[in-house]
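Let's take a walk through this structure together, one side chain at a time. Please keep the view open and turn it as you read.

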Amino acid sequence: MRATLVAAPVIIAGVALGIAAVATAKAPQLDDNHKRWGIVIFVLYFLQCTLGAIIHWVKPSSWTAHKRRPIQNYAHAIFGLAIIGGSFAQVSGTLIGYTVV
């Protein structure tokens, strides 16, 4: 939860600055894979936060009785790693061909 309190404002600010930069440049919104995947990853981030909150507040009986980690914990971890991997791919794969002005 503490990581969300730090990460969410940074992520939201980054997306807002990206949208503002595109608007300032009068470039088309969502015209390339970098921008489209950025929005997809942005939405997936909030889904991941929601899944994490559900996991935190809803504990199945197997966790309390047998102290086994529930399957949703593994799903949360795999989903998070997929978002991180997608983020690396989004940045490294789509910045080829961009020029810094």
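Is histidine 56 buried or exposed? Before answering, keep in mind that this is a predicted model. Histidine 56 has a relative accessible area of 52%, and the cut-off for exposed is over 50%, so histidine 56 counts as exposed. You will find this residue in helix H2, which covers residues 33–57. Now look across to asparagine 73. Along the chain, histidine 56 and asparagine 73 are 17 residues apart, and their C-alpha atoms are separated by 9.3 Å.

Histidine 76 sits in helix H4, which spans 71–94. Its relative accessibility is 25%, and because the partly exposed class falls between the buried limit of 20% and the exposed limit of 50%, histidine 76 counts as partly exposed. What is histidine 76 in contact with, once its neighbours within four places in sequence are left aside? The partners are Gln48, Leu51, Gly52 and Ile55. For one of these, glutamine 48, the separation in sequence is 28 residues, while the C-alpha to C-alpha distance to histidine 76 is 7.0 Å.

Let's turn to the aromatic rings. A pair of aromatic rings is described by the distance of the centres and the angle of the planes. How many aromatic pairs does a search of the whole structure find? The search gives two. In one of them, phenylalanine 42 and phenylalanine 46 are arranged edge-to-face, with 5.1 Å centre to centre and 85 degrees between the planes. These two phenylalanines are four residues apart in helix H2, so about one helical turn separates them. Tyrosine 45 and phenylalanine 46 make an aromatic pair too, again edge-to-face, at 5.1 Å centre to centre and with 75 degrees between the planes. Together, Phe42, Tyr45 and Phe46 form one aromatic cluster.

How accessible are the members of this cluster? Phenylalanine 42 is partly exposed, at 21% relative accessibility. Phenylalanine 46 is partly exposed as well, with a relative accessible area of 33%. Tyrosine 45, at 14%, is buried, because its value is under the 20% cut-off.

Next come the charged side chains. The structure has one salt bridge by the rule used here. The side chains of aspartate 31 and lysine 35 meet in a salt bridge, at 2.6 Å from N to O. Which of these residues is buried, and which is partly exposed? Lysine 35 is the buried one, at 17% relative accessibility, whereas aspartate 31 is partly exposed, with a relative accessible area of 39%.

Lysine 35 also brings us to our last stop, the largest pocket. Rolling a probe the size of a water molecule over the atoms shows where empty space is left. The largest pocket has a volume of about 620 Å³. It is lined by 28 residues, and those closest to its centre are Gly18, His34, Lys35, Gly38 and Gln90. Helix H1 (2–24), H2 and helix H4 each supply at least two residues of this lining. H2 gives the most, with eight residues.

Technical notes. Residues are numbered from 1 along each chain as its sequence is written. This is a predicted model: local features need pLDDT of at least 70, side-chain atom pairs count only at pLDDT 80 or more; totals for chains, interfaces and linings use all residues. Side-chain values use heavy atoms; hydrogens and water are left out. Rings of Phe, Tyr and Trp (its six-membered ring) pair if their centres lie within 6.5 Å; planes under 30 degrees apart count as stacked, over 60 as edge-to-face and the rest as tilted. Buried means under 20% relative accessible area, exposed over 50%, partly exposed in between (1.4 Å probe, protein chains only). A salt bridge is a side-chain nitrogen of Lys or Arg within 4 Å of a carboxyl oxygen of Asp or Glu. On a 1 Å grid over the protein atoms alone, a cavity is a set of points where a 1.4 Å probe fits but cannot get out, and a pocket is an open set with protein on both sides within 12 Å along at least five of seven lines; lining residues have an atom within 4 Å of a point. Grid points are joined across faces, edges and corners, and a volume is the space filled by probe spheres set on the points. Contact means heavy atoms within 4.5 Å.
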